[in-house]
Amino acid sequence: MMTGKRSWAGTRQVLCFIAVSCFANLISGQIRYRIPEELKHGAFVANIADDLGLNVSKLTARRLRIVSGASTQYLEVNLGNGILFVNEKIDREQLCGLILTCFLHLEVVIENPLELYRIEVEILDINDNSPTFLRKDIFLDIIESALPGIRFPLESAHDPDVGTNSVHIYRLSPNDHFILDVETRSDRSKFAELVLDKMLDREQQQIHHLVLTAVDGGVPKRSGSILITVNVLDANDNLPVFEQTIYKVSLEENAPKGALVLTLNASDLDEGSNSEIEYSFSSHTPPRVRELFNVDSHTGEIRVKSTIDHEEMNTYEIYIQAKDKGGPYAIPVHCKILVDIIDVNDNAPEVILTSLSSPVMEDAMIGTVIALISVTDLDSGENGQINCEITQEVPFRLQSSFKNYYTLVTTAPLDRERVPEYNITIMAIDSGYPSLSTNKSIFLKVSDVNDNAPRFSKSSYTVYVTENNAPGATVCFVTALDPDSNQNAYLSYSIMDSTIHGLPSKTYVSINSDNGNVYALRSFDYEQLTDFQIQIQAQDAGFPPLSGSTKVNVIILDQNDNVPVIVSPKPRNGSVARHKLSQSLHPGQLVIKVIATDADSGQNAKLSYLLLRATDPTLFNLALHTGEIRTTRRLGDRDVPKQTLLILVKDNGQPPLSATVTIVFSIMENITDILPEISNLPENAEQNSALLFYIIITLGCISLVFIVAIIIVATIKCHQYRNNAHNCNTAVGNCCCIQHLNSADILQTSKTNPQVTTNPKAPPDFLEVGGSGTVSQAYYYKVCLTPESAKSDFTFLKPYSPGKPDGETSTSDPDGVEWKGYSPKRLNTDVSTANFNSKVIKFRKWNGDLSSQVFQLEEAAHLPEGFKERVKKSKERTSAFFCRHTAADRGIWSNPPLKDALQDNMGWGYILRINAKWNLIPEGS
C-alpha cells in the first residue's frame, strides 16, 4: 500500500530500456531483515534509504514503492525519511503455518531511472501460543500380566509456535508403575510414549490416574495437560505382532479415493477368537491423517480417504494399533507407516499482479512501466518452471526482472481516443508434462490528455424564429463534441462578443453554458430586425483549455401583427374622409385612389380592397388590388348628392387583419378644383417619401407667396389711408374715419361720464354707449358683417338708436352740418347743451350694398354719468372688435374728456377691425 500523494506528473512512468541485459544490471541485489511477529502499526523495521544508498529528498519524485506478493500490505515505506515500518500486524502462524522459516518477500521499485531491489523480511516466532491436547482424557487398558518395558503411544500436544517455542518436553506425574519416553519425529516434532516400568497387580490396584503435561521451550514457558486413566485387566497369554515396526511407502498426490496405500499383517499365536486381530488408528494419530486415510479393521488395508496434495504436505506418519479379540483385557500393539507423497504436475502457474499503474496517460513515452507481475507454481522441479508471454498484438511487452518476476512496459505511443482501454492477456505456462498454463487478463485504462479541441456537429446553423416570441423562448440548441474524457470533455458554451444593430449580441440572446440551449432575451420584431448572426464558442475544462466555435444564423419570420394603415385619403377629424366630385365625371374615370400600407411582408403585406357598403353600389367600382375607385356610370340628377363609401383594406395574413375608411363624396354641379391624377402615385415607401418632400416644398413656396401678397396689400391699404386721411368719403380698410367736431370746449366744460355697456333690452348684436350728465341718452352700435365675414378676421360696429325706426334717419340738421352725397359738411360749432343734444350723425344699417352704406354719428350734449365704469364692464365684449387708432385725432377724438375716457378703458383709440372694403357715405336729408 503506497503512501504519498500521486501528482499528475507522477502518473507518468518514464523508463528507458536498452536491452534485457541492461535492465538486469539495474537490479541491485537482495536485502534481508528480521522482525518478530505481532509488532504494532508503525513499528520500525529498517531505514531502506540508508541501506540502499538512496537520496531521501528524491524518493517521492522517483515514486519509490513497495510491492508485496501477499494479499495484505504488511510493510510500508515513509517517503519522507525512507524508513520501512509495520503497516499491518503480522501473525506468523497465520502467514506461514508450521513452516520453520517464515519470509515476507518484498520488491522496492524506484523510477527515473528504474531500480529494483528485492527485500526478504524474516518473521520471527514469539511464544504466543500454549500447547493444547485435542482431548481432555486418555483411557488405556493394560493386562496385569504385561511385562515391564511395554510401550503405549500417547496423544501429542499441539502448539502453533515453531522452533523452541513449540512443545519441548513432556512430563508425567509421579507414580510407581510408569515412566515417560519422549521421541522426535521426522519433522522435529516430539511425541510421548507411556512405558510400563513395574508389573501391575489388578488385585492390589485396578485403576491408575496419571497427568501428562506438555511444556514448550519459549520464554516464558507455556504448558498444557491431559489426564490418563489406566485400567488393569486380567492376563492374556499372547499379544499380536507386526511384521515391521516402521513401514515406508510412496504415494502420488491426487491419488483417487480408495486407492490402496499399504496392507498390514499382524499375527497372534493364540487360537480361536484370541487370534483374531483388529486394526485401528492409535490414539495419538493426528486428526489430518484420520481425514486423509482409512484403515480396514479386519484386513489391515490402509486406503486413501480424501484428496492428498503434495503441496500441502509431502510426508505423512500413520500410527496403527492391532489387538486380538481376547476379551476386554486384550492388549494392543503399535506400528508406524511413513507415507512419502510424490509430486505430479497438477498445479497451473499463478499470475499475480503485484503492481499496476492504471490508468496510464495517453502521452506516456515508450518504455513506461505499466505493471509488475509475479508468477508462481506450487509444483516442484520442472513442474514449477514457468514462462510468460502476451498473447495479443498490443503496444506492450513483458520484461523479466527477478526469477518469476516480470514488468509490463509500453512499446508504442498510446491514443485514448482510438483505444480507450486495453484488456491485456498474459499467459504463463510451466515445463511439466503435460504442461499447464494460466491466462491472466489485465484491464488497463488509458488516461486522457487534453489534446482534442471541441467540435460542433455543424460548422454553421440556420434557425428560424417567428417574431413576437416570448422572452426566454428557446431559439435553438447547439451541440459540440469533444473526444476527450472527464474534465477535458466538459464543455462550457458561451456567446462570443459581437454587435447587432449597434447593441451587444448578448442583449438579444443568451445560452445555457451547460447544454448549449440558446434563449431569446427579447421579443423580436420582424419589421425592425429580419435576421442576425451570433458566434457560439464551446470550451473544454482541460489544461490548457481548448475551444471551438460555430456560427448561428437566426432568421426572423414575419407574423401578421400589423394592421394595414390607410395613407390616403386621410379622414378629417378622425371620422370620415370628404371629397368633392363633379357631376360631369365620365364612366370609368378615376375618382380617388385608396392607398394603404402594411408593415408586414410577404403574404402578410399583400393588401386587397373591398367595398363593404355604399350609398349607391352601382355608382362606383373599387379595384381589388390597387384601391382605385372609378365611376361606373355618369352621375345623374337623381343620384344622392352625398355618396358614402365604406372601404375595407385587408391583408392576406393568417388570421387576416383589416382597416376601414369611410369616404363621403359631395357631388357638385361645378367644381373649380381639378381632381389630381393619382393613378400613377408611387406605392412604395421610397416614392412616397419623395412625393411628400415635393409637396412640402410646394406648400412652403405657396405660403411664402401668400405672405408676400398680404404684406403688399397691407402696404397699399396704409398708403390709401394716408391719402384719404382728411377725406372720409372713401373706404378705409382697417380704420374708422370720423368727422372732426369742434366740440372741445363743450366736452371740457361738461360733466359727462361716458360708458359703453351692454343692454339686455337691446338686440343681441348691439353695444350701448351711454353717459351721465344733465342729459342722458344711450347709443347702440350694431355689429355688421360683410358677405365674406366668415372668412374675415375683421368686424365693424354700427351705431344704432333703438328710439327710432331704421327708416327714420334724419336727412337734415338745422343746428349742424348736413351730409349730402360724398362731401362732409362742417358741423355747427354751437356747443350749447340744447345744440349738443340735438346733433347726431347716424349710420344706416347694412343693406347688402357696400356702396350705399351710410355712417352717422349721433352726438349728445351731455354724456351720462359713470361712462368710464360702463366702458370697463363692456371692455371684454368690445375690445375684441377694436384696433388701435393710428390716424390723426379727428372728430370726437379731439374731445379730451371723451378721448381720455376711451383711452383709460380700452387703450388709446380703439377702432373697428375689418378686412372688406367699405365706405362712409353720409346720408342725405
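Predicted model: local features only at pLDDT ≥ 70, side-chain atom pairs only at ≥ 80, totals over all residues.
Student: Which residue in E21 is the bridge partner of Val-295?

Tutor: Ile-302 is the bridge partner of Val-295 in E21.

Student: In what order do the strands of the open sheet with E21 stand?

Tutor: The order is E17-E21-E20, an open sheet of 3 strands with antiparallel pairing.

Student: What makes E17 and E20 edge strands?

Tutor: Strand E17 (260-263) and strand E20 (293-295) each pair on one side only. From one strand to the next, the twist averages 20°.

Student: How do you know that E45 and strand E49 pair?

Tutor: E45 and strand E49, residues 628-631, are joined over 3 bridges in the antiparallel sense. At least two bridges are needed, and E45 and E49 have 3 bridges, so they too are a pair. The bridge partner of Ile-592 in E49 is Ile-629.

Student: Which order do the 3 strands of the open sheet with E49 take?

Tutor: They run E45-E49-E48, and the pairing is antiparallel.

Student: Why are E45 and E48 called edge strands?

Tutor: Strand E45 (590-593) and strand E48 (620-622) are given that name as each pairs on one side only. On average, with direction ignored, neighbouring strands of this sheet are turned by 20° against each other.

Definitions and conventions
Residues numbered from 1 in each chain as written. Heavy atoms only, no water. Helix = DSSP H or I, 4+ residues; strand = E, 2+ residues; numbered from the N terminus. Axes fitted to C-alpha atoms, helices over the stretch in contact; angles between N-to-C directions.
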